[in-house]
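Please look at the sequence and the model before reading on.

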Amino acid sequence: MDDPVKVLNQLRNYVTDGRLEIAEHMVDELTTMLLSEKKRTLQRQEILVLALRDYANILEIRNKWKLSLKAAKKLGTESSTLRKMKVKEKVVGNDADAKIIIEDCMQIGRIHIQLGNLKKALNNFSMPAKQGHVEAHVLSIEAYEVCKGSLKKAGKVAKKLVAALTKVGPVNRENNEFILISNNGMTTSVDKIVTCIQRWIQPTSGLNHAIASSLNERLQSLQKQIAAIESGEQAANARLQTAIDSLQPVVDYHEYSQSSR
């Protein structure tokens, strides 16, 4: 434990190799050691936050929901401390920091779903959803599905998903995966959305018929875009296509030459 960065890298290698038990043991020892330090530097605080995030993630993967929640809550406390330290030392934040906050909220929400805490799950998905993260809307509906066993009272969150899918940009394909990208750069798997909507529009789900119909329209739109990308009719990367289009001349030079005679 003399070099926490090396320990962190090593345990991450263990996670990649599927050696989760030893990774959990290592990160437990690492976080315990760092938390015992009364006066941490900014760098040590950053390492602690990274270690706690890995700890919560490993515990979630291992389905140790209560322990994962405990680690995630501690992560929230130490992340807040880190942000205050950065402000004090005039370290400017960036977009990556904002995304990490969203991801941390999403994790706590996922854990609460597994623990059957509907209200707490929805509260944690609220901020990411307001930021335009489509997956937060999807998981809000899943929370009703898992915690209540029915979507009879999920009409409000389902409407918000419809609105989010209407606003979000076109389907993209990156690394052979179809995704939606929100304005803040957060991505959501289109395959997950399609699978969930197909399940939710079934009469047995309990979802309001009109809302289910609206979701079905969004489903068909996503499927058409996937087909268009696969056939080459739609750009696989909308952002790249926009950049290319911006390079095209905006003047019809033939028409211009005719009018100038």
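The notes below start with conventions and then take the topics in turn.

This is a predicted model, in which local features need pLDDT of at least 70 and side-chain atom pairs count only at pLDDT 80 or more, while totals for chains, interfaces and linings use all residues. Residues are numbered from 1 along each chain as its sequence is written, and side-chain values use heavy atoms, with hydrogens and water left out.

**Terms for elements and burial**

- Helices (H or I, at least four residues) and strands (E, at least two) are DSSP runs, numbered from the N terminus.
- Buried means under 20% relative accessible area, exposed means over 50%, and partly exposed lies in between (1.4 Å probe, protein chains only).

**Salt bridges**

- The model has 12 salt bridges, where a salt bridge is a side-chain nitrogen of Lys or Arg within 4 Å of a carboxyl oxygen of Asp or Glu.
- Arg-110 and Glu-60 form one of them, with the closest N and O atoms 2.8 Å apart.
- Arg-110 belongs to helix H5 (residues 95-114) and Glu-60 to helix H3 (residues 42-61), so this pair ties together parts that are 50 residues apart in sequence.
- Arg-110 is partly exposed at 27% relative accessible area, whereas Glu-60 is buried at 14%.
- Lys-192 and Glu-142 form another salt bridge, at 3.2 Å from N to O.
- Lys-192 sits in helix H9 (residues 190-200) and Glu-142 in helix H7 (residues 134-148), so parts 50 residues apart in sequence are tied together by this pair as well.
- Lys-192 is partly exposed at 27% relative accessibility, and Glu-142 is buried at 16%.
- Arg-199 and Glu-145 meet in a salt bridge at 2.6 Å, N to O.
- This pair links Arg-199 in helix H9 with Glu-145 in helix H7, 54 residues apart.
- Both ends are partly exposed, Arg-199 with a relative accessible area of 34% and Glu-145 with 23%.
- Through shared partners, salt bridges join Glu-142, Glu-145, Lys-192 and Arg-199 into one network.

- Strands count as paired if DSSP finds at least two bridges between them.
- Strand E1 (residues 172-174) runs antiparallel to E2, and three bridges join them.
- Asn-172 has Ile-179 in E2 as its bridge partner.
- The hairpin of E1 and E2 has two residues between the strands, and Asn-175 there takes a positive phi near 55°.
- E2 also pairs with strand E3 (residues 187-189), in the antiparallel sense and over three bridges.
- Ile-181 has Thr-187 in E3 as its bridge partner.
- Five residues lie between E2 and E3 in their hairpin, and Gly-185 in the turn has a positive phi of about 90°.
- Strand E2 (residues 177-181) is mostly covered, with four of its five residues buried.

**Helix H9**

- The buried residues in H9 are Val-190, Ile-193, Val-194, Cys-196, Ile-197 and Trp-200.
- The buried residues of H9 pack against H7, helix H8 (155-167), E2, E3 and helix H10 (209-231).
- At the start of H9, a side-chain oxygen of Ser-189 comes to within 3.3 Å of the backbone nitrogen of Asp-191.

**Nonpolar cores**

- A nonpolar core is a set of buried Ala, Val, Leu, Ile, Met, Phe, Trp, Tyr and Cys residues joined through side-chain atoms within 4.5 Å.
- The largest nonpolar core has 41 residues, and Leu-161, Val-171, Leu-180, Val-190, Ile-193 and Trp-200 touch the most other members.
- H5, helix H6 (118-130), H7, H8, E2, H9 and H10 are the elements that give two or more residues to this core.
- Leaving aside neighbours within four places in sequence, Leu-161 is in contact (heavy atoms within 4.5 Å) with Val-134, His-137, Val-138, Ile-141, Trp-200 and Leu-215.
- A second, separate core has 28 residues, including Tyr-14, Leu-30, Leu-59 and Trp-65.

**Cysteines**

- The structure holds zero disulfides, a disulfide being a pair of cysteine sulfur atoms within 2.5 Å.
- Cys-105 is in no disulfide, and its nearest cysteine sulfur is that of Cys-147, 17 Å away.
- Cys-147 is likewise in no disulfide, with the sulfur of Cys-196 nearest at 14 Å.
- Cys-147 is partly exposed at 22% relative accessibility.

Notes:
Polar contact = N/O pair within 3.5 Å; in protein donor to acceptor, adjacent residues only side chain to side chain.
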